[in-house]
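Please look over the sequence and the structure first.

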Amino acid sequence: MKTRLFILAFCVPLLLVGFDIAAGEANPTPQVVPVPITVPAPNGTTPPKPTVAINTSAGVEMLALITDLETGDAAKRDATVKTLVTKGAHAYRSMVQLLNAKDADVAGRAKDVRSKIEKRAMELFHETDVLQGKALSGARNPAALEDVRKAWIAVAQYVPQPELRQQAVQSIQTMQMLMDQTAQFNKDVEAKDAELAAKPAPAGIQRAAIQLARAQAFTNLQRYDDAQKAAQDAFEAGGRDCRLASAALKTQIEMMVQKADYDGMEKISKKIIAEYGESLEARYAYGALSEVLMERKRWDEAVDNVKKFVAACPLDEEPQEIADKLLDTLMDKERDYPRAYGLSTWIKQRLPASRVRLEVVKILGECSEYALKDFAKAEIAYKTLATDYPDVIAAPEISAALKRIRAKIAGTFPKEPMLGDEGPAGALGQFIAAVRLRDGKKLGESVPANEAIEAAGKLTCEECELIRVLTFGDFIVKKVNIDGEKAEIDIEYYDSASSAPKAIKEKAILEKGAWKIQWTDPDEQLNPTPTTKPSTVLKQAK
C-alpha cells in the first residue's frame, strides 16, 4: 500500500505540465483553471497567489492500472500491460518504483512494460519521421504540415527517452516555422496573381518581372511545374532582348533539375551558352550541361564542355571542381583510362601548379605508364610528384615509381606472360589481356566454364576492382607448378606503389585440354581477413 501511495504522490505532480494537443501548443503549458490577472497592490506588495486546481484523474487511473498489474489475474494483467503501453512516458515513469519490488513477477512485469514503451516510442518516432518526409517531398501543403506537427506533438508526449523527446520538440518548432513560411509564400503568389489581373494587364518587362517573382514563390512552395510555367511566360513576355531573358531561362533550368528533365536542361543550357554567353547565367548553364552530359555518359562532349567552362570562367572554382569530378568519374567509375589520360594532361597544362590536385598528376603518371605505355611521359609526371608534392606523398612511393619506370624505359623490367606462352602462363597472359581490353568473350574463354558469366560481369560492374587491379600492376611469372590437371603459378606482383615485388599465387585448372585461370585478388592474398574464405572464383576482385 505504501508503494501505491508513493506512486500516486510521484505521478500527480508530473501531470502539472503537458502538451495541449487539441489547442496545438508546442510548448509545455500548465493544466490549471484560468484565473484573472491580478494587479499588484498600491503599496507594492503582491497579493497571495490564487489556488491552482490540479486534475488528478490521470493519476487515479494510473494507480488503478498499477494495482491491476500487481494483483490482477493473468488476463487482467495482460490487458493492463497493453493499456499501460498506450500511456507512454507517464506509465514509463510510474513503473520505476515497481522495478525493485520484492515480488519478482511484479518487477518483471514493470520491466516488460517499460521495454514495450521504449520499443513503441522508437516505432512512433520512425513513423512520424516517414510522415514528415512524405509531406516535405512534394508541394507544400498546409494541411499536411499541420498533420505532421500534431504527430510530433503526440510523439513528444509519448516518448520516455529524453533525446527522442528533444528531437520531437525541435521538429514541432520546425514544422511550425514551415507552416508560417508556407502561409507567407501563398500570400506572395496571391499578391502577384493580383498584379497580373490588374487593368490594363502588365506586358513586356513588367509582366516578366511579375512572373519571375511568381516563379520564386512557387519554387519556395516546391510547385516546380507552376514555377517553370511562370518562368517560360516571363521569357516570352520580355522577349529575347529583355534584360531578364537569361534569368528567366536559368529559372527554367532550375525547375528542370528538380524534375530530372535532362532533355530540357540540355536544350535551355545550350541556348543560354549560345545566345547569352556573357551573362552571369551562362556559368550556371555550363554547370548544368556538364551534369547532363555526365549523366548520359557522353564523355567526349562532357570533356569539351568542361574545357569551354574553364575558359569562360578561368578564375572560378566551380568549373575546376566539375573538371576534377569528371576526371574522377572517368578514372574510378568508368575506368576509361585513355580519356582520363587526355583530361589529366589538359588540366595539368591548363591550370597553374597551385590549382592542380595531387590526384591529377598521379592519374596522369599511372595512365601514361600502364594504359598507354608512354613511359617517358610517366617519368615526367612522377618527377613532378617528387618536386611539387613532397609534403603530401611518401618519398618511398615516388622512388619506387621512378625506379620502375626507368627500368621499363631501359627495357630491363621483367616481362609479363603473353597470350602465346605455353601452359598455365599463357592462360594467365590471355586472362590479363582480356581484362585490360574489356573483352568479355576472351575473358570467358580464360576462366572455367562455370565462372564465365560472372567473370564477364566484372568488366561492367562499377564497384568491381578487377579492371583496376589488373591494369595498374605488373604480374611476372616466376614458376609454374603443375600437378596433373591443376597448376599453381608463383607470381611477383608489382602494384603502382610497390617499392619491391610481392609474392602471390594464382591457380589454374585443365578443362577440355585448355588451361583456365581461377583468379584470386592479390589484396586478399596479401591481407587476408579472418571472416573471408579463400577465393577461387574471381572473388574479392569485385
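## A buried arginine

Arg335 is buried, with a relative accessible area of 5%; buried means under 20% relative accessible area, exposed over 50% and partly exposed in between, with a 1.4 Å probe and protein chains only. The model is predicted, so local features need pLDDT of at least 70 and side-chain atom pairs count only at pLDDT 80 or more, while totals for chains, interfaces and linings use all residues. Residues are numbered from 1 along each chain as its sequence is written, and side-chain values use heavy atoms, with hydrogens and water left out.

Arg335 sits in the loop between helix 14 (317-333) and helix 15 (337-350); helices (H or I, at least four residues) and strands (E, at least two) are DSSP runs, numbered from the N terminus. A polar atom of the Arg335 side chain lies 2.4 Å from the backbone oxygen of Cys464. Residues that Arg335 touches include Arg438, Cys461, Glu462 and Arg468, where contact means heavy atoms within 4.5 Å.

## Helix 19

Arg438, one of the residues touched by Arg335, comes just after helix 19 and takes a positive phi of about 55°.

## The whole chain

The protein chain has 23 helices and 6 strands. Of its 542 residues, 42% count as buried.

Technical notes
Polar contact = N/O pair within 3.5 Å; in protein donor to acceptor, adjacent residues only side chain to side chain. Lists of a residue's contacts leave out its neighbours within four places in sequence.
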